[in-house]
Amino acid sequence: MITFYAGTRAAQASSPAAVVFGLVVSGWMALVGALAKDISDVPGDALGGRRTFPVRYGIISVARCTAVLAVVVGAAGVATSFLTAPILLPSMLVLAIGAYWVAGKCHSLVGPPADADPRAPYHSFMVTQYAVTAVLWITLLLRYAI
């Protein structure tokens with residue numbers, strides 16, 4: 001969040017869109033990415049004595065929590081941008097789609113398939129994060145450069 005705030009201050013700009021984007025993407029990284037990243041590291045973390053959430057509470061619990069948080073952040077991004085910063089709607093819709101993708105990958109860890117990839121939720125998270133930022137840049141370029 002501080003990085004996004006510093007960027008807007010450096011550009012001598014202040015807008016609801018910058019605040020909304022900074023808050024939503026920071027929430028995406030902190031609430032979804034941090035949990036999704038640790039899911040695949042459970043064996044090594046446990047062996048190393050680290051007490052991450054997946055080690056302490058189990059992969060299934062953390063996968064469920066990650067899925068719920070992803071959908072909540074995605075929905076909050078769409079709702080907040082719709083109400084305060086419509087220019088963000090394309091990128092927040094991408095975030096919402098990615099949130100459901102992350103939730104689906106988390107669900108595959110909870111369900112019967114034993115061959116589910118524990119890295120899949122984090123992979124989905126990262127692709128979504130890159131896509132959200134790319135769509136924001138494209139939206140801004142189309143709006144202000146053309």
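In which helix is the place of Ala-76? Ala-76 lies in helix α5, where helices are DSSP runs of H or I with at least four residues, strands are runs of E with at least two, and both are numbered from the N terminus. The model is predicted, so that local features need pLDDT of at least 70 and side-chain atom pairs count only at pLDDT 80 or more, whereas totals for chains, interfaces and linings use all residues. Residues are numbered from 1 along each chain as its sequence is written, and side-chain values use heavy atoms, with hydrogens and water left out.

The secondary structure of the protein chain comprises seven helices and zero strands, and its elements run α-α-α-α-α-α-α from the N terminus on. Of its 146 residues, 36% count as buried, a term applied under 20% relative accessible area, with exposed used over 50% and partly exposed in between (1.4 Å probe, protein chains only). Among the contacts of the protein chain with a separation of 6 or more, 65% come from residues 24 or more positions apart, contact being defined as heavy atoms within 4.5 Å.

Helix α5 has 26 residues and spans 36 Å from its first C-alpha to its last, close to the 38 Å expected at 1.5 Å a residue, the expected span being 1.5 Å times one less than the number of residues. Its buried residues are Val-62, Ala-63, Thr-66, Ala-67, Ala-70, Val-73, Gly-74, Gly-77, Val-78 and Ser-81, and what covers them includes α2, α4 (53-57) and α6 (89-110). Ala-76, by comparison, is partly exposed, with a relative accessible area of 35%; Ala-76 and Gly-27 are 49 residues apart in sequence and 10.0 Å apart in space, C-alpha to C-alpha.

The axes of helix α2 (residues 16-39) and helix α5 (residues 59-84) come within 9 Å and cross at roughly 170°, where axes are lines fitted to C-alpha atoms, for helices over the stretch in contact, and angles run from 0 to 180 degrees between N-to-C directions. That angle makes α2 roughly antiparallel to α5, since angles over 145 degrees count as roughly antiparallel, those under 35 as roughly parallel, those from 65 to 115 as roughly perpendicular and the rest as oblique. Among the residues that meet are Val-24, Gly-27 and Trp-28 in α2 and Leu-69, Val-73 and Gly-77 in α5. By class, this contact has 16 nonpolar, six polar and no charged residues, with Ala, Val, Leu, Ile, Met, Phe, Trp, Tyr, Cys and Pro taken as nonpolar, Asp, Glu, Lys and Arg as charged, and the others, Gly among them, as polar.

Helices α6 and α7 pack at an angle of about 175°, with their axes 9 Å apart, and are therefore roughly antiparallel to each other. The contact involves residues including Met-92, Leu-95 and Val-102 of α6 and Val-132, Val-135 and Leu-136 of α7; by class, it has 16 nonpolar, six polar and one charged residues.

The largest nonpolar core has 30 residues, of which Phe-21, Trp-28, Val-32, Leu-88, Met-92, Leu-95 and Val-102 touch the most other members; such a core is a set of buried Ala, Val, Leu, Ile, Met, Phe, Trp, Tyr and Cys residues joined through side-chain atoms within 4.5 Å. Helices α2, α5, α6 and α7 (120-144) each supply at least two residues of this core, and α2 gives the most, with nine residues. Leaving aside neighbours within four places in sequence, Leu-88 is in contact with Ala-17, Val-20, Phe-21, Ser-81 and Leu-136. Gln-129, placed in helix α7, is buried, with a relative accessible area of 16%, and touches Trp-28 and Met-29, not counting residues up to four places away in sequence.
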